[in-house]
Amino acid sequence: MNFEEKRKKLVNNLKNRDYPVLTKQEVINAMLTVPRHLFVPKDAESSAYIDSPLCIGSGQTISAPHMNAMMCEYLELKEGDKVLEVGTGSGYHAALCAELVAPKGSTNPGHVYTIERHKDLVKKAKINLKETGYGNRVTVILGDGTLGYPEEAPYDKILVTAASPKKIPPPLREQLKDGGILCIPAGSKSFSQDLYIVKKRGEDFDSKRITGVRFVPLIGKYGFES
Ligand code: SAM
C-alpha cells in the first residue's frame, strides 16, 4: 500500500469511529491532502498513517491524527481565518490549518502563525512546511507561545497543542478576537488533562470540556516550569 492509500484508509477509520472525530467534509479533505509521512522522521515514515503520536525529536511528539482532526473540527476553521498555533512541533497541524484557512487558489486566504520553543524543531518544521508547499501560508516563530504573538493579534482562532496548567494563559485570552475560538488541553503536567473549547463573547469566555487527553506539557511563563 502506498502512502496515499494508507492516508485514505486512516481517514476512513477516523470517519467511522464510534466517537465522532472527523465529520466535516473540509476537514476530511485537509486530512486527505496533507502528507503526514513528510512531517515525521524518516525512520517513523512507515508508521505515519497509524492513529498514534510519534516522536519527532527534542523529546516531543506529533499528536495522533484523531486529535488533529478533532481540534480542527472544534475550531470551526474557515477560509480567511487568522490562526495562532502554540506548539509547532513538526508543522503538520499548522499545515492542516493552512489547508482549511488558505486553500490553494483562495481569493480570501487566511494565515497560520505558529510558535515553538525548541530551536531544532523550528528549523525542521520550516523545512517540512516549505517542502510540502505550505511555506507561504504558515509563519513559524521561535519563542514562548504562552505569551502569544502580539505582533499579529488579534486571532480568529487559537490552537494550543501542549497541556497548560490553566485553561487560558492571559496573553492568549487577550489576543483572541471577540467571537473567536480557542482550543486547549489543560490539567496536570503529565496526566489527567482535559481538552477545552473556549469561545470569547465580549468580556466573557464560554468554556466546554470535550474529553480527557494526554499532551506533552506547555512550558513557559504562563505554562509549567521546565
Ligand atoms: N502541533 C504539533 C505537530 O503537528 O507536530 C505537535 C505539538 S507537540 C504535541 C507540542 C509542542 O509544543 C512541542 O513541540 C513543544 O516543544 C511545544 N511547546 C511546549 N511549550 C511551548 C511554549 N511555551 N511555546 C511554544 N511551544 C511550546
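A residue is called buried when its relative accessible area is under 20%, exposed when it is over 50%, and partly exposed in between (1.4 Å probe, protein chains only). Helices (H or I, at least four residues) and strands (E, at least two) are DSSP runs, numbered from the N terminus. The model is predicted: local features need pLDDT of at least 70, side-chain atom pairs count only at pLDDT 80 or more, and totals for chains, interfaces and linings use all residues. Residues are numbered from 1 along each chain as its sequence is written, and side-chain values use heavy atoms, with hydrogens and water left out.

**First stop: helix 3**

Select residues 65-75, which form helix 3. Of its 11 residues, 10 are buried, and the helix is thus mostly covered. Among the buried residues are Pro65, His66, Cys72 and Leu75.

Now display the strands. Strands pair here if DSSP finds at least two bridges between them. An open sheet is built from 7 strands in the order 5-4-3-6-7-8-9, with mixed pairing. Strand 5 (138-142) and strand 9 (204-213) are at the edges; each has a single partner strand, so one side of each lacks a neighbour in the sheet. From one strand to the next, the twist averages 15 degrees. Angles run from 0 to 180 degrees between N-to-C directions, and axes are lines fitted to C-alpha atoms, for helices over the stretch in contact.

Select residues 155-160 and 176-187: these are strand 6 and strand 7, which run parallel and are joined by 4 bridges. Ile158 stands opposite Leu182 of strand 7. Helix 3 packs on the sheet and touches strand 6, strand 7, strand 8 (193-201) and strand 9, where contact means heavy atoms within 4.5 Å. The direction of helix 3 makes about 150 degrees with that of strand 7. Helix 4 (residues 92-101) also packs on the sheet, touching strand 3 (82-86), strand 4 (111-116), strand 5 and strand 6.

Strand 3 pairs with strand 4 in the parallel sense over 5 bridges, and Glu85 has Thr114 of strand 4 as its bridge partner. How many of the 5 residues of strand 3 are buried? The number is 4, so strand 3 is largely enclosed by the rest of the structure.

Select Gln193, which lies in strand 8. Gln193 is buried, with a relative accessible area of 2%. Its side chain reaches the backbone nitrogen of Phe215 at 2.6 Å. This is a polar contact (a pair of N or O atoms within 3.5 Å; within protein, one must be able to donate a hydrogen and the other to accept it, and residues adjacent in sequence count only if both atoms are side-chain atoms). Beyond its neighbours within four places in sequence, Gln193 is in contact with several residues, including Ala163, Thr211 and Arg214.

Select residues 25-33, helix 2, together with helix 4: their axes come within 9 Å and cross at roughly 130 degrees. Helix 2 is therefore oblique to helix 4; angles under 35 degrees count as roughly parallel, over 145 as roughly antiparallel, 65 to 115 as roughly perpendicular and the rest as oblique. The residues making the contact include Ala30 and Met31 of helix 2 and Leu96 and Leu100 of helix 4.
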